[in-house]
Amino acid sequence: MKALCISLLLTAGFASSLSGEQFRTDINPALQYYRAFILAPDLPQADHDYLFTNEWRGQKLPERVGELLSRYNNQFTLVRQAAYSTVPCDWGIDMSPGPATLLPGLARNKGIIVTCRLRAMWFLQNRRPAEAAEDLIGALALARNSSRDGTLISVLVQIACENILCNTLAENYYQLSPETLKQIVDGFDAAPPRGTVADCLSTERAYFHAWLKNKIIDLQKQNPGDESKVMAAVREQVTGMRGDEGGQNSESPASFWDRVLKASGGTSDGILALLRTEEPLYEKVAAILALPEHEYETQMKEFQQETRQSADPFVPEMFSAWEKCRAKEFGVLVRLAMVRAATEYKLHGEDGLRSVLDPYSQSPFAFQRFSFEGVDRGFELKSTYAGKGTPELLIFVEKDGPPFSVSPVPAKSERTAK
């Protein structure tokens, strides 16, 4: 037995937890996350609503909150361990169903991030910053690993989770020591690389565009000379890709299919011709997504204008989402840089703040004190980036008190800054 244990130590990577216990680091993180899903507590609906529908910011968390959150300890042990994995995350998802592929882990991943926010509040209130840091580092690694299947929806979930974690740090800034903040940011740096919107292009092309094209070709081979049967099956596939609610707009699937029939001449060969003419657009949008942000913005606007004017109804469906998704992506990159800037500010003052540059302007973030209901509560960092309509900003709370949104849409009626 001793020889076996020594052999395992030599062949497998190990790390230590806060409690000093060793755990393996050579396990696929997805296996740890799937186990974490199983270990999530099955809370009665009343307890679940109590935890997740109440506004807990700005008040002392009652003991009942701590007791309910402690039921997630086993789940978060695995989430924390997965962050130290030395092997890539592979969710083992079979993408052959194309647009019908199910990604059930995404909602569970986001649920873990939401729970992490509450656990961080509880740990900090009870002077357990190291445990808050471990949870946050594990949650950020989970957010990054969420995007490993290469789909656009998975990257959007990653972005949503990163935003929640940025808000969590901003809301609890006053409770985080410089050392704890540095530990968290260092842990974020050590996390798996981000999945990017540009990375998704090949997956989206393969499992939507190419999948539909190959499906039509297979249907033609299976039903030689029976065009009506082929088109009935194609209609089912095309309308199914849009779902009951339609695609990028409120148009019904039936109305969209009518436009496909008109553009294609009502034949499966005509639909294939449409799909083949779209292939150069994938190469074009790939080149645009790879551009620096300022060049990207100009060329993407031109590309979107081109796609909106296309007579091919598939083109807006396949290409209209990239601009909005890229804006969300760059917005969270800015916010992650703000977290780093606020950390440097707590560590090194104004010199530290100025050492971190806005990814968009390549200059320090705009800094100003922030008042809420006439009381100075912290400071606001603002970027020149406004890809989602208003400049990105994040407020870091330096004094406890009534809650407010740390990432609001600027409105004089809601807040004042000085």
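Guide: Start with a cut-off: a residue counts as buried when its relative accessible area is under 20%. Keep in mind that this is a predicted model.

Visitor: Why does P192 count as buried?

Guide: The relative accessibility of P192 is 19%. The limit is under 20%, so P192 counts as buried.

Visitor: Where is P192, and which residues does P192 touch?

Guide: P192 lies in the loop between α9 (178–190) and α10 (200–222). Leaving aside residues up to four places away in sequence, P192 touches A141, R144, N145 and R148.

Visitor: What makes α5 roughly perpendicular to α6?

Guide: Helix α5 (residues 73–82) packs with helix α6 (residues 105–125) at an angle of about 105 degrees, and their axes are 12 Å apart. Angles of 65 to 115 degrees count as roughly perpendicular, so α5 is roughly perpendicular to α6.

Visitor: Which residues meet there?

Guide: From α5 come N73, Q75, F76, V79 and R80; from α6 come I112, T115, C116, R119 and F123. Sorted by class, this contact of α5 with α6 has five nonpolar, three polar and two charged residues.

Visitor: How do you know that the span of α6 is close to the expected one?

Guide: α6 has 21 residues, and its first and last C-alpha atoms are 30 Å apart. At 1.5 Å a residue, 30 Å is expected, and the span of α6 is close to that. Just after α6, R127 takes a positive phi of about 55 degrees.

Key:
Residues numbered from 1 in each chain as written. Predicted model: local features only at pLDDT ≥ 70, side-chain atom pairs only at ≥ 80, totals over all residues. Heavy atoms only, no water. Axes fitted to C-alpha atoms, helices over the stretch in contact; angles between N-to-C directions. Helix = DSSP H or I, 4+ residues; strand = E, 2+ residues; numbered from the N terminus. Parallel < 35°, antiparallel > 145°, perpendicular 65-115°, else oblique. Contact = heavy atoms within 4.5 Å. Nonpolar A, V, L, I, M, F, W, Y, C, P; charged D, E, K, R; others polar. Expected span 1.5 Å × (residues − 1). Buried < 20%, exposed > 50% of the residue type's maximum accessible area, 1.4 Å probe, protein only.
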